[in-house]
Amino acid sequence: MGILSWIIVGGIAGWLGGLLMQGGGFGLLGNIIIGIAGGLIGGWLAGALFNVPDAMTGINLTSILVAFLGAIVLIFIIRLLRGGRRTG
């Protein structure tokens, strides 16, 4: 997957994750970074837990879903580390 694909999928996943987790958000750049990191986490989890070899394959629904679920996990961890503060 190319860097542009990671940015697009990451942006979508981070934005959706921010909407679902209902917080102050992390801004556009923060959401993209969280989405990209979420894609890495989601891809690793999909491989480790469900034996899916290539969960992130491009700009498609499967990649967005995997990155979205990874972003949810990452946002949850960030909020735990921050002490559960919710802004916004």
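Student: What should I know before reading the values?
Tutor: The model is predicted, so local features need pLDDT of at least 70 and side-chain atom pairs count only at pLDDT 80 or more, while totals for chains, interfaces and linings use all residues. Residues are numbered from 1 along each chain as its sequence is written, and side-chain values use heavy atoms, leaving out hydrogens and water.

Student: How many helices and strands does the protein have?
Tutor: There are three helices and zero strands, where a helix is a DSSP run of H or I with at least four residues and a strand is a run of E with at least two, numbered from the N terminus.

Student: Which pattern does that give along the sequence?
Tutor: The pattern is α-α-α.

Student: Where is Ser5, and is it buried or exposed?
Tutor: Ser5 lies in helix α1, residues 3-21. Ser5 is buried, at a relative accessible area of 17%; buried means under 20%, exposed over 50% and partly exposed in between, with a 1.4 Å probe and protein chains only.

Student: What does Ser5 contact?
Tutor: Beyond its neighbours within four places in sequence, Ser5 is in contact with Gly10 and Ile59, contact meaning heavy atoms within 4.5 Å.

Student: Changing topic, how accessible is Phe26?
Tutor: Phe26 counts as partly exposed, with 26% relative accessibility.

Student: Which residues does Phe26 touch?
Tutor: Not counting residues up to four places away in sequence, Phe26 touches Asn31, Ile34, Ile75, Ile78 and Arg82.

Student: And how much of the whole protein is buried?
Tutor: Of its 88 residues, 38% count as buried.
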